Amino acid sequence: MERIFAFTRKLRGKIPEKQSALDEFIGTALPGDTRSPVWRIQELDPNTDTPVEILHVVLLGFIKYFWRDAMARIPKDKKEILIARLSSLDVSGLGLSTLSGETLVTYAGSLTGRDFRVISQVAPLVLYDLLPSPCFEAWLALSAMVPLIWQPEIVNLDTHLILLQAAIDRFLDHTARWTPRWFNKPKFHIIQHLVDHIRRFGPAILFATEGFESFNAIIRGKSIHSNHQAPSRDIAHGFARANRIRHLLSGGVFLLATPDTTTLPHPRNGAQYCEDRTQWRTAGLLPLALTKPRGTASNPFQNLLPDSAYLSAVANVAGKYLTTASTRIDVSPYTTKTHFWPCSSAVSTQGDVYSPEGWVLWKNPQEDDLFVGRVAEILQVFASPERREGCADTVLLQCFTPSGIMTTYKLPAIRSSGWKLVPATDILCTVNVQHNCAKNFCRVTAHRAIYQEREKTSMTRLAIAHAGDPQDIMLNTFQMRNARYVQTLAVKIDSINREEAILAGARDEIDTQKSSGKKSKVKPATRGLTGTSWGKTPSSVPPHIQPGRHPNISG
């Protein structure tokens, strides 16, 4: 193409003469097949061999589009409510730090993929009365779809793909019900190929570019912390050192240089493969112990390393052995003379740190079912083997069971079902539980102190004051962390009729244009709407409708 452009810039004369000269140049100066050699590879099919990139299609696509559109729709006085809701939201169990509502709202046009990852898990919890109903329903469908995509492990592929396909269809249907203008974006078509790509390549998170783009910081750091004389070499050396460390910590072995030379016995140096196992070396015991689980005979440093149900701290250890567990449960596996250490936190089997008042998901080995529980106490039996290994024995939980659906959020409601002592090894992961603020009319009337440089100041900011029934709670199944387990408790949402959704969305779009006085100034893509008889009561969508670009949509 560059050669063609350079040739045409030199042409002079009339258009037929230029065209004739250009045709002659293409026929003689260029090869017969000007396609890239990539497209001539017989085994390559671009449609099936290039999987959907979920970072840019979902996080930097749908979520970014919807969030910017929401910030453009919400009035300025309502944004203060949104900021207070985001800053007051309980994000325990999501693996997130406290949200900065001011940043997410004020700088909506400058957010990164990490920010949109946060927004996808909490947006429906704070936008329920700030957006029109079709818009909010599209948000609900989007947030329900994201956890099904971000799963590093799929147990039953066929079942999972059926659920994912239904979630994608529901998302597209609700988007069309909102407005058909979104479908000018090609990503709304690309997402439909995701199911086929997961079936072929595995979980979508494995071929996402999020993990690879994190190396940008490493590359930049290696380039900055060098003499800038040969940055490519310095970057290559840095990655080589990191690869050697990974090899050693994975249990890999290596050969030492011979005593009389500094040259390693490598085949390129004329040496044969060494069959003598005593010549091979590996990392020391302590470095290798960092990668091995505790409690194994091959790990001599088990007391130095964290593991499942490992205690990060022990509270009130000075002679306090009593616990309130005996007042909470009717049947206990321990005798009345058993003494406990009350502990401040522990680690679940999935590596999540939980503490009293936190919410967890635990598995009943007999029933093979998952249950939600609120941690009351983390207990260590005095003089038990777990205590000698630094692990917790049991956890006192207030158990909760699903009890219907929160219609506003499309999330499962949970209700208390009693107390239970659960082995610490049965705690799978932490979960996020939210109050039903929409039903209980929680208002932004509280005030919270502002901290600057970790110091409390006299300044305050608005916060949510929860009202109504404090037990009116729900499980946040929009959670991306540990989605494999959390999604087993998600509620099933019925789909809507696609044709009716498209018709309703087109009707609302036409009515909006008429009411805003833009009927005579429609964009070329929508001029087919002018003078039609179906504008008020359409029975079908004419094939020539191609809605124009939404004014609140960017990127």
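Reader: Which residues have the most contacts inside the largest nonpolar core?

Author: They are V58, F66, W67, L82, L127, W139 and I149, in a core of 75 residues. A nonpolar core is a set of buried Ala, Val, Leu, Ile, Met, Phe, Trp, Tyr and Cys residues joined through side-chain atoms within 4.5 Å. Buried means under 20% relative accessible area, exposed means over 50%, and partly exposed lies in between (1.4 Å probe, protein chains only). This is a predicted model, in which local features need pLDDT of at least 70 and side-chain atom pairs count only at pLDDT 80 or more, while totals for chains, interfaces and linings use all residues. Residues are numbered from 1 along each chain as its sequence is written, and side-chain values use heavy atoms, with hydrogens and water left out.

Reader: Which helix gives the most to this core?

Author: Helix 4, residues 54–73, gives the most, with twelve residues. Helices (H or I, at least four residues) and strands (E, at least two) are DSSP runs, numbered from the N terminus.

Reader: What does W139 touch?

Author: Leaving aside residues up to four places away in sequence, W139 touches I63, F66, W67, A70, I119, A123, P124, L127 and L131. Contact means heavy atoms within 4.5 Å.

Reader: Why is the pair of F7 and F25 stacked?

Author: The ring centres of F7 and F25 are 4.3 Å apart and their planes are at 5°, so the pair is stacked. F7 is in helix 1 (residues 2–9) and F25 is in helix 2 (residues 15–29), 18 residues apart. F7 is partly exposed at 23% relative accessibility, whereas F25 is buried at 15%.

Reader: And what kind of pair do F201 and F207 form?

Author: F201 and F207 form an edge-to-face pair, 6.0 Å centre to centre with 70° between the planes. F201 is partly exposed, at 35%, and F207 is buried, at 16%.

Reader: New topic: where is E453, and is it buried or exposed?

Author: E453 is in the loop between strand 12 (443–452) and strand 13 (455–465). With 78% relative accessibility, E453 counts as exposed. Although E453 is not a glycine, its phi is positive, at about 55°. R454 lies in the loop between strand 12 and strand 13, and its phi is near 65°.

Reader: What pLDDT does the protein average?

Author: The protein averages a pLDDT of 82, and 82% of the residues score at least 70. pLDDT is the predictor's confidence in each residue, from 0 to 100. Over residues 295–322 the pLDDT stays under 50, and over residues 519–555 it is below 50.

Key:
Rings of Phe, Tyr and Trp (its six-membered ring) pair if their centres lie within 6.5 Å; planes under 30 degrees apart count as stacked, over 60 as edge-to-face and the rest as tilted.
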